[in-house]
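Look at the chain before reading on.

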Amino acid sequence: MRIGVDATCWANPRGYGRFTREIVPAMVRLAPEHTFVCLLDARAAAAFDLRLPNVERQVVAQAQSPTLAAAAGGSRSPADMLRLARATSRARLDVFFSPTVYTYFPLPPGLPAVVTVHDAIADRFPDLTLPGWRARAFWRAKVSLALWQARIVLTVSDFAAGDIARVLGVDPGRIRVALEAPAPAYRVPSSRDEIARAAADAGLPAGAPWFIYVGGFNPHKNLDVLARAHAALVKRTRGPAPHLVLVGPADDVFHSDRQRIQAAIDREGTGALVHWRGFLPDDQLRLLHAGAVALVLPSVCEGFGLPAVEAAACGTPVIATTESPLPQLLEGGGLFVPPGDTAALTSALETLAGDDALRARLGVRARERAGELSWERGGRAALDALVEAA
């Protein structure tokens, strides 16, 4: 078959960019008999590093990169989407794969399609994800059209599948699951010296403990709650005060909550203990993961929670929301708290900060659970969905 792929999100640093960069190569390697026609804009093409005989690159001119245009406060040019649709039509495809609904564009009529919807968070919590009625209207229109055109809806966990069926009204019989996995870069470091150097580069004092958060700085991530819980822990701590490292890109498809997070930190007086690190490459991030007391993901909801799984692969326990698949995916590898419960989150932070033996046990189990996941397994599920749709 000739399989079209919307690869315009290849350069995006968030989770759906990672999904695309991992799931597509996995499918390409699993199915050398198929040709994968990857549609790219200039920004994605600059980062596109998939060079295999069964991959065709097609760069489509865009006034603005879809990854940037599909932001919460923006909208995509109809002319840009038309150029992508025309390129798709000319490519003589048997089936089309959209790795994310964020950069979805209308497909030629009759072309079988698999569209990936990573979660239903924007539809469950529109006030926390999309600013203003215009952004919400565009989002609803895009998702509705994508679901209408898709023969199969792919998602990343059974938890997300349940939300998509319940919130978006998708027939469960049309939904397939391709689990995510940690990238190979996420592993236990060979020495503590590597971790110490990464900690120093992040501005952490020698010997200081730290918790780490990785992701977007959006209202639904509950980082103001984390700021308060961290401050409460600091007040209870008699030894070295625990630091908090916040990792993630400044730009985002959802609207930013950084000012409110910083205001919460300022009110608590913990600014000297909180480190905004921006986006970090995998080889640096894995070292901060490996040295952390825990990865904290206190979101209102997560469709998968990939940063937690990546930290787990480094032997680090997690403290994560119960509104996610993580209590099952990383069972025995962390502590799980209801979203928005500051007292429960503070207690979890305190428990792991004060019990090295427990932290070590949970870290071992977290690594085992993360090791059961693979992108090859996810790629096989996605490929099966494409064959079924075709």
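Q: Which rings form one aromatic cluster in this predicted model?
A: Tyr16, Tyr102 and Trp139 form one aromatic cluster. Rings pair if their centres lie within 6.5 Å. By this rule the model has seven aromatic pairs.

Q: Why is the pair of Phe96 and Phe105 called edge-to-face?
A: The ring centres of Phe96 and Phe105 are 5.7 Å apart, and the planes stand at 75 degrees. Planes over 60 degrees apart count as edge-to-face. The 75 degrees of Phe96 and Phe105 therefore make the pair edge-to-face. Both Phe96 and Phe105 are buried.

Q: What makes the pair of Tyr213 and Phe217 tilted?
A: The planes of Tyr213 and Phe217 are at 45 degrees, with ring centres 6.1 Å apart. Under 30 degrees would count as stacked and over 60 as edge-to-face; the rest are tilted. At 45 degrees, the pair of Tyr213 and Phe217 is therefore tilted. Both residues, Tyr213 and Phe217, are buried.

Q: How do you know that Arg258 lies over the face of Phe217?
A: Arg258 is at 5.5 Å from the ring centre of Phe217. The cut-off is 6 Å, along with an angle within 35 degrees of the ring normal. Arg258 is listed as lying over that face.

Q: Why is α1 described as largely enclosed by the rest of the structure?
A: In α1, 12 of the 16 residues are buried, so the helix is largely enclosed. Buried means under 20% relative accessible area. Among the buried residues of α1 are Tyr16, Phe19, Ile23 and Met27.

Key
Residues are numbered from 1 along each chain as its sequence is written. This is a predicted model: local features need pLDDT of at least 70, side-chain atom pairs count only at pLDDT 80 or more; totals for chains, interfaces and linings use all residues. Side-chain values use heavy atoms; hydrogens and water are left out. Buried means under 20% relative accessible area, exposed over 50%, partly exposed in between (1.4 Å probe, protein chains only). Helices (H or I, at least four residues) and strands (E, at least two) are DSSP runs, numbered from the N terminus. Rings of Phe, Tyr and Trp (its six-membered ring) pair if their centres lie within 6.5 Å; planes under 30 degrees apart count as stacked, over 60 as edge-to-face and the rest as tilted.
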